[in-house]
Every structure is written in structure tokens, then in C-alpha cells.
Amino acid sequence: MVRASSLYTVHTPVPAGHDYFDEGLFGKYMGGYPSRMGITWDDLMDLGRNNPGDKGERFCMSVFACNTSQEVNGVSWLHGKVSQEMFSSIWKGYFPEENHVGYVTNGVHFPTWSATEWKNLYAAHFDENFWFDQSNPKIWEAIYSVPDEEIWKTRMALKNKLIDYVRKQYRETWLKNQGDPSRIVSLLDKINPNALLIGFGRRFATYKRAHLLFTDLERLAKIVNNPDYPVQFLFTGKAHPHDGAGQGLIKRIIEISRRPEFLGKIIFLENYDMQLARRLVTGVDIWLNTPTRPLEASGTSGEKALMNGVVNFSVLDGWWLEGYREGAGWALTEKRTYQNQEHQDQLDAATIYSILEQEILPLFYARNKKGYSEGWIRTIKNSIAQIAPHYTMKRQLDDYFEKFYNKEAKRFHALAANNYAKAKEIAAWKEEVAEKWDSIEVVSCEKSEELQKGSIESGKEYTITYVIDEKGLNDAIGLELVTIYTAQDGKQHVYSVEPFDVVKKDGNLYTFQTKHKLENAGSFKVAYRMFPKNTELPHRQDFCYVRWFI
């Protein structure tokens with residue numbers, strides 16, 4: 001009943017985000033629970049182990065959550081795929097892509113993160129039902145009818161608000177901590193509301209690659225000191241107290257920002273908090289994000305920024321892999337060229353420099369007589385119309401209800417009816433299958449010599465027949481033919497899965513048969529998978545007993 005009403009949302013593929021506990025420490029706090037639940041200590045420990053029965057394996061909270069929740073989801077499409085791989089060892093007998101792990105891409109609470117200026121603009125130009133239907137793309141298309149000047153005026157108002165905030169909040173702190181008042185005054189004066197302002201603000205975990213922009217300082221210096229295309233970078237964020245590498249990145253960025261060629265062009269803002277985050281995601285022109293793919297589970301700061309007419313420039317990871325639209329922001333390719341991370345970082349940095357020099361800066365500064373770039377405003381409008389409605393909390397909740405909440409609520413109530421009659425029935429069935437599983441035997445098998453070797457010829461039809469003694473389980477067994485191929489990365493993947501039909505029953509003997517024909521040429525292998533079948537199960541991994549035949 002607990003599992004039927006539980007959903008585990010996994011938030012990161014980074015190992016440090018998943019808690020592991022030694023058995024001694026776990027037992028100190030949890031030792032009294034097994035007796036209260038009527039189970040053994042090993043039963044409880046095994047719920048948190050990838051390999052039940054392995055006494056040396058620590059208890060993992062994430063494994064425990066997977067085992068005690070009916071559904072599991074990542075927080076973006078790509079993160080869902082990564083999570084299938086990450087948790088695949090829990091559900092042995094199935095390939096990662098077959099696992100029930102799904103996804104709901106994160107969204108942000110629009111009323112909280114949208115600036116008052118933008119909320120007023122949306123209220124004036126959007127359908128009056130907008131606040132109750134934020135995930136409706138049709139409503140957001142009204143942004144195209146808003147005059148360009150009004151968009152630019154709103155952007156500049158928020159940009160000036162950010163700059164005023166920085167000057168007010170940091171003047172006293174910088175004068176106190178950095179000495180040389182003339183340098184501090186010069187730095188504050190150099191913050192230019194007419195320059196392209198690029199923001200980077202987040203946790204300083206190393207995988208987020210805050211250092212990427214500083215890979216080639218000579219080239220970066222040329223970019224920020226181009227008098228025709230002024231550009232400034234605002235960096236902020238915090239590292240975990242025990243993350244020395246993250247703290248080192250912050251120190252390096254501060255040191256670079258104080259060099260003469262970068263003074264006032266690269267600024268690090270200390271004491272990152274909600275207020276500063278709000279000012280940044282509403283006030284900069286571009287939101288920069290450079291994680292190591294695929295370690296950014298979702299990322300939401302860029303979603304907050306786009307609600308405020310800020311354009312995203314990010315690696316195609318997390319939400320941006322789904323959100324990116326050509327002409328509505330910029331993206332670094334998701335394809336990895338080098339296995340060596342240092343080489344990949346250098347390539348990605350060079351790509352950032354090139355996109356800035358060749359695309360972003362020329363577009364931003366192609367200004368008309370009214371002082372703004374029509375192409376830039378068009379990019380803002382595309383971003384708001386084509387991307388924003390898909391990353392609101394409204395859309396996220398819609399997805400959770402449709403994919404998980406409604407389904408789980410319906411099943412929970414069905415299991416709970418009549419004093420939990422259905423739950424008791426399923427539990428009794430599982431106990432019987434588990435008790436007899438190892439005694440189930442294959443009595444006979446009829447298939448061609450090629451199939452006996454695990455290979456098949458494309459275009460040729462094969463008939464495969466198995467007779468299985470179910471040991472009194474009464475049609476509780478399913479059988480399927482799984483066709484497998486090996487990808488370029490050397491990993492095996494499922495090409496197709498074809499069920500067997502029960503064509504005859506003689507006491508406990510069940511005859512299973514299927515016809516198989518593979519049209520595509522290539523290198524494939526086939527194998528046969530036996531599993532418990534019951535229409536009352538939410539999915540196969542709910543009762544993960546598997547036996548393979550070759």
C-alpha cells in the first residue's frame with residue numbers, strides 16, 4: 001500500500017547526491033524498526049542494497065526509495081534516461097531502457113520568478129485567463145503583438161534595477177574588503193547598462209564548469225575589451241563547505257576578475273542569495289550555463305530567466321536539451337568529441353567564444369535608430385512564445401498528475417477497497433510465485449539450429465515452441481523473445497520484444513509458441529525471458545523475478 005502511493009523523484013546523477021550508510025551506523029538509528037514491521041534486519045537492509053544478501057554492501061537511500069515507490073522519475077527527459085542506467089542494477093533481468101523510470105521536466109513557479117514589470121506586460125497583452133492557463137502555448141504567442149519598444153523598455157528597466165542593486169549592495173563591502181577605493185569606484189562606474197550583460201549564478205559544483213569561460217584568457221580579454229561590442233560577465237554562487245574544488249573555482253574567478261584587463265568586465269558577486277538570484281535572472285541579457293553533459297539533471301535558473309525576456313546560452317543538457325529552439329537562444333552541442341575532459345572543455349570554450357563573437361554580439365549590437373536591435377527583440381519574443389509555456393510549474397504539475405499522481409491514486413483506492421482485499425490477493429500471489437519460482441522447469445524446446453546458437457537470418461521466419469512446467473501456479477508465467485543488438489559504445493540494447501502465446505495446457509504443462517521474423521539486416525542475437533505475469537501489477541519491476549534462456 002505504501003509503494004502504491006509513493007513516487008520517488010531522483011534529482012541528480014552525481015554520486016554525492018545519493019546517501020550511503022554503513023550497516024553499523026544505520027543500525028544505530030534504525031535497529032528497532034524490523035521487529036515493529038514483522039521483518040528481519042536483513043530484510044530491511046536488503047531494501048537499500050543493489051544486491052540483496054551482500055553483507056558488505058552499504059544501505060543506499062536511493063535504492064530504498066526505488067524499492068518502496070511504485071513509480072520513479074527523473075527531472076528532465078535526458079535525466080530520465082540517465083536514471084534508467086543509474087538504477088538498472090536494482091531490476092536485474094531488464095535492460096535500462098525497459099525500466100519503468102520515467103521523467104517530468106522541472107518547471108518554475110511563474111508568479112514568483114517573473115518580475116513585476118513583466119507580469120504587468122503579460123497582463124496587459126495576454127488573454128485574461130492567462131494566470132490559470134500558464135502552460136497554454138497559444139496564449140503566450142500574444143508576445144509577438146507586443147511593440148518592440150515596450151519589450152526593450154521593460155528589459156532596460158530591469159537591467160538598470162540590477163545594476164543599481166549591485167552598486168548599492170556591494171559598494172560598502174568591496175571598499176571594506178578589497179582596499180584601494182579608487183579601484184572600487186572605477187569598477188562600479190564601469191558597469192555599463194548599454195553593454196551585453198551575461199549572468200552565471202549557481203552552486204559551484206565542479207561539473208557545472210564555472211571555469212569554462214576562462215580556458216583561454218587571451219581570447220576572452222579580446223572579447224571583453226572590444227570597444228565596438230562591450231560585454232560584461234556577472235558571476236555568483238556558493239560552493240558546499242566541504243567542496244574544496246568548488247571553492248577553488250570561486251577563488252580563481254575572483255583572482256581573474258581583479259586583473260587589469262578584466263576589471264569591471266568580469267565581476268564576482270559574493271553572498272549569493274534569493275534576492276541576488278531574482279535580480280540576476282531578471283536583469284541580465286543572457287543566462288549562461290555550461291555543465292558537463294549529462295550531469296545537469298534539469299537546471300531551473302535558465303527557466304526563471306526566460307520568463308523575464310532573458311535569452312539562454314547553454315549546453316544541451318537537462319531542460320535546455322528539450323527547450324532549445326533555433327532563433328530563441330543558443331546552444332552548445334550535446335555531442336562529445338573527446339573522452340579526455342580537459343580537451344572537451346577546451347573545445348567547448350572555443351565554441352562559446354566563437355558563438356559570442358560571430359552570432360550573439362553582432363546581433364545584440366545591430367541597433368536601429370531607436371537604440372535597440374530588432375533581431376534581438378525577435379529572439380526574446382521567440383524565447384517567450386516558443387519555450388516559456390513549457391517550463392512553468394503549471395505544466396510540470398499537469399505532467400505529474402497525468403503521468404503519475406492520477407494513476408497511483410486510482411490503483412491505491414482499488415487496492416484499499418473492501419479492507420485491502422486486492423492488496424492481500426496480490427501479496428498472496430507474489431508469495432506463492434516466489435516460493436515456487438526456482439522449481440519451475442523447461443520441459444522441452446523446439447527451435448532451429450541457428451536459434452539454438454542465438455543467431456538469426458533476416459527475412460526468414462522461425463517458429464519457437466517451449467513447454468514449461470509451472471508447478472501448479474496456474475498460468476502465472478509469461479515468456480518473450482528478446483532481440484538484442486550491440487551499439488557503437490559496446491553496450492547491448494533491446495531491438496524488439498515479442499511475446500509468446502499459450503497454445504496448449506495439459507495439467508501443469510503450458511506450451512508457449514511464437515513466430516519470429518526479422519526484416520532488418522545486421523548483427524542481432526536472440527534470447528528468451530521468463531517472468532511472472534499478473535495484470536494487477538503496475539509494471540514488471542514491481543515483482544522483478546526473471547529467468548533467461550538461450
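How do the residues of the lining of the largest pocket divide into nonpolar, polar and charged? The points below take this up after a note on the model.

1. Basis. This is a predicted model, in which local features need pLDDT of at least 70 and side-chain atom pairs count only at pLDDT 80 or more, while totals for chains, interfaces and linings use all residues. Residues are numbered from 1 along each chain as its sequence is written, and side-chain values use heavy atoms, with hydrogens and water left out.

2. Largest pocket. Its volume is about 1,300 Å³. A pocket here is an open set of points on a 1 Å grid over the protein atoms alone, with protein on both sides within 12 Å along at least five of seven lines; a cavity is a set of points where a 1.4 Å probe fits but cannot get out, and lining residues have an atom within 4 Å of a point. The volume is the space filled by probe spheres set on the points, which are joined across faces, edges and corners.

3. Lining of the largest pocket. There are 33 lining residues, and Arg3, Leu47, Asn67, Lys430 and Asp542 lie nearest the centre of the pocket. The most comes from α18, with 9 residues. Helices (H or I, at least four residues) and strands (E, at least two) are DSSP runs, numbered from the N terminus. As for the opening question, the lining holds 16 nonpolar, 8 polar and 9 charged residues. Ala, Val, Leu, Ile, Met, Phe, Trp, Tyr, Cys and Pro count as nonpolar, Asp, Glu, Lys and Arg as charged, and the others, Gly among them, as polar.

4. Cavities. The search of the whole structure finds 2 cavities of 30 Å³ or more. The second largest cavity has a volume of about 40 Å³. Among the residues that line this second largest cavity are Arg202, Trp287, Asn289, Asn312 and Trp319. Two or more lining residues come from each of β9 (286–289), α14 (301–306) and β10 (311–315). The lining of the second largest cavity divides into 2 nonpolar, 7 polar and 1 charged.

5. Parallel sheet. An open sheet of 6 strands runs in the order β8-β7-β6-β9-β10-β11, with parallel pairing. Two strands pair if DSSP finds at least two bridges between them. At the edges are β8 (266–269) and β11, each pairing on one side only. Neighbouring strands of this sheet are turned by 20 degrees against each other on average, direction ignored. Axes are lines fitted to C-alpha atoms, for helices over the stretch in contact, and angles run from 0 to 180 degrees between N-to-C directions.

6. Pairs within the parallel sheet. Strands β6 (residues 196–201) and β7 (residues 231–236) pair over 6 bridges, and Phe200 stands opposite Phe235 in β7. β9 and β10 share 4 bridges in the parallel sense, with Leu288 opposite Phe313 in β10. On to β11 (residues 330–332), β10 is joined by 3 bridges, and Val315 has Leu332 as its bridge partner there. Of the 5 residues of β10, 5 are buried. Buried means under 20% relative accessible area, exposed over 50%, and partly exposed in between (1.4 Å probe, protein chains only).

7. Antiparallel sheet. Another open sheet has 4 strands in the order β12-β13-β17-β16, with antiparallel pairing. Its edge strands, each pairing on one side only, are β12 (441–446) and β16 (501–506). Strands β13 (residues 461–469) and β17 (residues 509–517) are joined by 9 bridges, and Tyr466 stands opposite Phe512 in β17.

8. Strand β18. In β18 (residues 524–532), 8 of the 9 residues are buried. β18 pairs with β14 (residues 477–486) in the antiparallel sense over 9 bridges, where Gly478 has Phe531 as its bridge partner. To β19 (residues 547–549), β18 is joined by 3 bridges, also antiparallel. In β19, Trp548 is the bridge partner of Arg529.

9. Cysteines. The structure holds 0 disulfides, a disulfide being a pair of cysteine sulfur atoms within 2.5 Å. The sulfur of Cys60 has its closest cysteine sulfur in Cys66, 8.1 Å away, which is too far for a bond. Cys60 is buried at 2% relative accessible area, whereas Cys445 is partly exposed at 34% relative accessibility.
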